[in-house]
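Subject: Structure handover

Hello,

Here is the structure I promised to pass on. Please open it first, then read my notes below.

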Amino acid sequence: MLRNVNDLYEFKVTGSNGPIGVVKDCFFDDRAWTIRFFVVEMDASLGGRKVLISPMAIHVLDWAAKTLAASLTRERVKASPDVDTSKPVSRQHEVEQFSYYGYPSYWGEAQLWGGGPKFGMSLDGYQDVGLPAEAWVQERFADKLAKLHRERGDDPHLRSCRAIERYYLHATDGDIGHVESLLVEDEAWAIRYLVVNTSDWWLGHQTLIATPWITDIDWLDATVSVDLTRQTIKEVPAYDPNALPNPDQERALFDHYERPDHANMIAARPV
């Protein structure tokens with residue numbers, strides 16, 4: 001189901017033995033447009049620092065109660081590796097996180113989560129979701145982890161969802177608006193759309209831009225480029241921020257942009 005990523009902020013995260021903290025941000029993969037970590041500010045009793053928790057650790061997501069239940073203990077999260085959450089996350093930091101928790105890697109695989117299109121599918125064969133046998137993981141992924149550690153470098157690819165908000169949207173013939181928020185599908189944690197506010201350029205409205213239509217992100221200039229004209233974006237039906245789009249509205253959006261090849265993105269989505 002599609003959700004606005006902004007609605008995740010301030011969700012309470014609980015562990016197997018008590019509260020852990022609250023969600024402050026999400027880090028997404030800027031190549032696959034998939035959320036890889038929740039940025040969680042731990043309770044004061046755990047030190048109050050910000051840590052990364054993978055969707056692989058979450059076994060219950062309750063939108064009504066605004067809670068995430070993780071298969072992790074408070075002590076395990078407290079002892080997790082440090083990472084500067086104010087900066088983009090590089091691969092070596094992600095390797096450290098996955099190695100610490102014993103998760104299988106997804107990078108270099110065809111599916112969004114390595115073993116499948118949903119994160120739970122990559123945990124097949126584990127007895128406890130979020131608490132796999134670390135020795136098994138180290139043995140299976142030893143070569144890949146060793147290679148990544150040898151190639152340690154500043155190759156950031158995980159970006160803040162909060163940071164991309166307010167980025168300018170650049171059409172083929174000029175700027176057209178700014179990113180207001182992101183819509184994520186909560187089965188695979190794949191980001192499906194940017195919500196773009198065009199009111200900066202005329203008496204505009206909010207509209208949706210599917211992530212496959214993005215051609216470039218310039219992190220220094222804070223711009224997102226798409227291969228669409230300003231006029232085409234201007235004429236698209238307005239997006240109602242108080243009502244998430246249904247499949248018929250999404251198909252109408254694809255038809256407007258003459259992008260029927262992406263209709264399978266809707267058809268393949270879990271209901």
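Strand S14 (residues 214-218) and strand S15 run antiparallel, joined by four bridges. Strands here are DSSP E runs of at least two residues and helices are H or I runs of at least four, numbered from the N terminus. Two strands count as paired if DSSP finds at least two bridges between them.

A word on the basis. This is a predicted model, in which local features need pLDDT of at least 70 and side-chain atom pairs count only at pLDDT 80 or more, while totals for chains, interfaces and linings use all residues. Residues are numbered from 1 along each chain as its sequence is written, and side-chain values use heavy atoms, with hydrogens and water left out.

Back to the hairpin. Asp-216 stands opposite Ser-225 of S15. Four residues lie between the two strands, and Ala-222 has a positive phi near 55°.

S15 (residues 223-226) has two faces. Thr-223 and Ser-225 point one way, Val-224 and Val-226 the other. In a regular strand, side chains alternate between the two faces of the sheet. All four of these S15 residues are buried (under 20% relative accessible area; exposed is over 50%, partly exposed in between; 1.4 Å probe, protein chains only). S15 also pairs with strand S10 (residues 168-171), in the parallel sense, over three bridges. There, Leu-169 has Val-224 as its bridge partner.

Next, the core. The largest nonpolar core has 67 residues. Such a core is a set of buried Ala, Val, Leu, Ile, Met, Phe, Trp, Tyr and Cys residues joined through side-chain atoms within 4.5 Å. Ile-35, Phe-38, Ile-53 and Ile-209 touch the most other members. Strand S4 (residues 34-42) gives the largest share, six residues.

Last, the charges. The whole structure holds seven salt bridges (a side-chain nitrogen of Lys or Arg within 4 Å of a carboxyl oxygen of Asp or Glu). One joins Arg-159 to Asp-30, with the closest N and O atoms 3.3 Å apart. Arg-159 sits in strand S9 (residues 156-160) and Asp-30 in the loop between strand S3 (18-29) and S4, so the pair ties together parts 129 residues apart in sequence. Both residues are buried.

Another links Asp-82 and Arg-49 at 2.8 Å, N to O. Asp-82 counts as exposed because its relative accessibility is 59%. Arg-49, at 24%, counts as partly exposed.

Best wishes
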